[in-house]
Amino acid sequence: MLATRRPDRQDEVMAVAQHIVSSIATSKEAADDLMRILCNFDSRLSITDAEGRCSQEPDDTAPLGKEWEAAVELIERREAPGAVDWREDADDYLAAAACLVGAPGLRAAAALQAAMARIEEEFRHLLIRGAPPLAAHDLPDTLLLRPSFTVSPSDSSSMDLDCSPFSSHAGDSAGTGGGEISFFDYEMSPCLISPDTLGTLRDIADIMLRAGYAPELCQVYGDVRRDRLMECLAVLGIDKMSSEEVQLVEWGVLNGRMKKWIQALKVLVRVRLAEERRICSHIFATDVNAEEECFTEAAKGCVLHLLNFGDAITIAKRTPEKLFHVLGMHEALAEVLPELEGLFSGEARDLIKGVAEGILGRLGNAVRGIIAEFSTSIQGEPSQRPPMGGDIHPITRYVMNYVRQLLDYNASLNNILEYSSSALKAALKDRFKNFNLAFQEVHRTQKSWRVADPQLREELKISISENLVPKYRSFVGRFGDQLEGGKYSKYIKYNTEDLECMILDLFEGTTPNA
């Protein structure tokens, strides 16, 4: 059947072939584009023959419909050498590109390919141009005040092509019947992205997604917005510092960096990333997967960059003056962690949550270590002479002021100490279990050994008892009450009398079953 149709349309086939040859002859770029189209064409090149088999021969002899023909011609005119800038009739150009999604034939595919390259670059340009420069003096206030604005729906269907796929999209993008639409019904800071560009960005994204260009689109969005978020961190005073640099920097500088980190964490999570998420949801409203991928590509890097500084602080030298800033960092991270986790999904959420929770635990360990260091430094203070005139001793005043400031972090301290208590109980259980197993094995083995000299045998038993029993009694007395059941806990298998009796069995040459 296919063979009987082609002779009737020989002239049309030749015309298409001449057009292809002409395009290839124009430039090497056109030839490369055509090869990519042919390589990527899948089901659009498939036809079914009389026996139902799938053939990879395109039926490009069928004439384009009126709308598709008009769309192809518009794009070809704008892509021709010496043509006027396509932005002069951008709405018509976008409508033509949308109309050609799924259009049959190599000519339509070539026009769509050229249009995709053009609007991808425009998407990048709009993302960059639509984000005004950030200034250090106004960023925090601007972000936190968040003046509201609205977005006017773009008239993307101005081209008279009556192309239903794009026409329906243009109607949907307006959200309501007409007029102005509220941007996510949230207040928003215009320093993040210009409202004038959002409608066009969404139209371009929708066309590229429908045409199968999601990877290219997400790459562009992630690259541009990732840089924007990193710029925001830099303006907030968060510079890249390695763990080694944190160890070497003087306290005055580190003190300021820790304060800025606390502020930057709250601004980034509660304002910057939350609004980046809403921008992403608006631009990629028609494709949830693209929305998730684009947000992750844009946001993950800056979050990990910010958390890296917190991690570096956890291994810094633990001195008393750092306590309150470390407590502040722990408090801030614990406070925003649920919101931070909620911004991401899938593997990215698991990664961010795991990293943040790990840092939170290590900050808690740092707090406990600093408090222990503070206690040690006070106990080692050499000044024992009372002050003149019965005044309060400077050390006493220092300790009281220190403790008074700790009250401001009462909730965080309770959480840290509660976590510490749980961890301590788990560690104690393991210590007692390990002791029980080890002592049981030593007793089983060494009671079968025989020391022939009675005096030497008794001296060995006395030496073991003097080294083991007092230390075991002290350990049980100190930590036994912290286990369930106290000193009668199931984890405390032996009391001191049991140990003394079992030590008497050693080196007697008793058979294992005796």
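Trainee: Starting with Arg225 and Glu276: buried or exposed?

Mentor: Both Arg225 and Glu276 are buried. Buried means under 20% relative accessible area, exposed means over 50%, and partly exposed is in between, using a 1.4 Å probe and protein chains only.

Trainee: What sort of model is this, and how are residues numbered?

Mentor: This is a predicted model, where local features need pLDDT of at least 70 and side-chain atom pairs count only at pLDDT 80 or more, while totals for chains, interfaces and linings use all residues. Residues are numbered from 1 along each chain as its sequence is written, and side-chain values use heavy atoms, with hydrogens and water left out.

Trainee: Back to that pair. What do the side chains of Arg225 and Glu276 meet in?

Mentor: They meet in a salt bridge, at 2.9 Å from N to O. Arg225 belongs to helix H10 (residues 214–235) and Glu276 to helix H12, so the pair ties together parts that are 51 residues apart in sequence. A salt bridge here is a side-chain nitrogen of Lys or Arg within 4 Å of a carboxyl oxygen of Asp or Glu. Helices are DSSP runs of H or I with at least four residues, strands are E runs of at least two, and both are numbered from the N terminus.

Trainee: How many salt bridges by that rule?

Mentor: The count comes to 20.

Trainee: Which residue does Glu508 form one with?

Mentor: Its partner is Arg457, with the closest N and O atoms 3.5 Å apart. Glu508 is in the segment after helix H19 (496–503) and Arg457 is in helix H18 (residues 454–479), so this pair ties together parts that are 51 residues apart in sequence. Glu508 is partly exposed at 30%, whereas Arg457 counts as buried at 11% relative accessibility. Arg457, Glu458, Lys461 and Glu508 are linked in a network of salt bridges.

Trainee: New topic. Which residues have the most contacts inside the largest nonpolar core?

Mentor: Phe123, Tyr221 and Phe284, in a core of 99 residues. H12 gives the most to this core, with 13 residues. Apart from it lies another core, of 17 residues, with Tyr491 and Leu499 among them. A nonpolar core is a set of buried Ala, Val, Leu, Ile, Met, Phe, Trp, Tyr and Cys residues joined through side-chain atoms within 4.5 Å.

Trainee: What is Phe284 in contact with?

Mentor: Leaving aside neighbours within four places in sequence, its contacts include Phe123, Tyr221 and Glu291. Contact means heavy atoms within 4.5 Å.

Trainee: Where does Glu291 lie, and is it buried or exposed?

Mentor: Glu291 is in helix H13 (residues 288–314), and is buried, with a relative accessible area of 11%. Its side chain makes a polar contact with the side chain of Arg277, at 3.5 Å. A polar contact is a pair of N or O atoms within 3.5 Å; within protein, one must be able to donate a hydrogen and the other to accept it, and residues adjacent in sequence count only if both atoms are side-chain atoms.

Trainee: Last one: where in H14 is the kink?

Mentor: At Leu337, shortly before the proline Pro338, and the kink is about 45 degrees. The bend at a residue is the angle between axes fitted to the seven residues ending there and the seven starting there.
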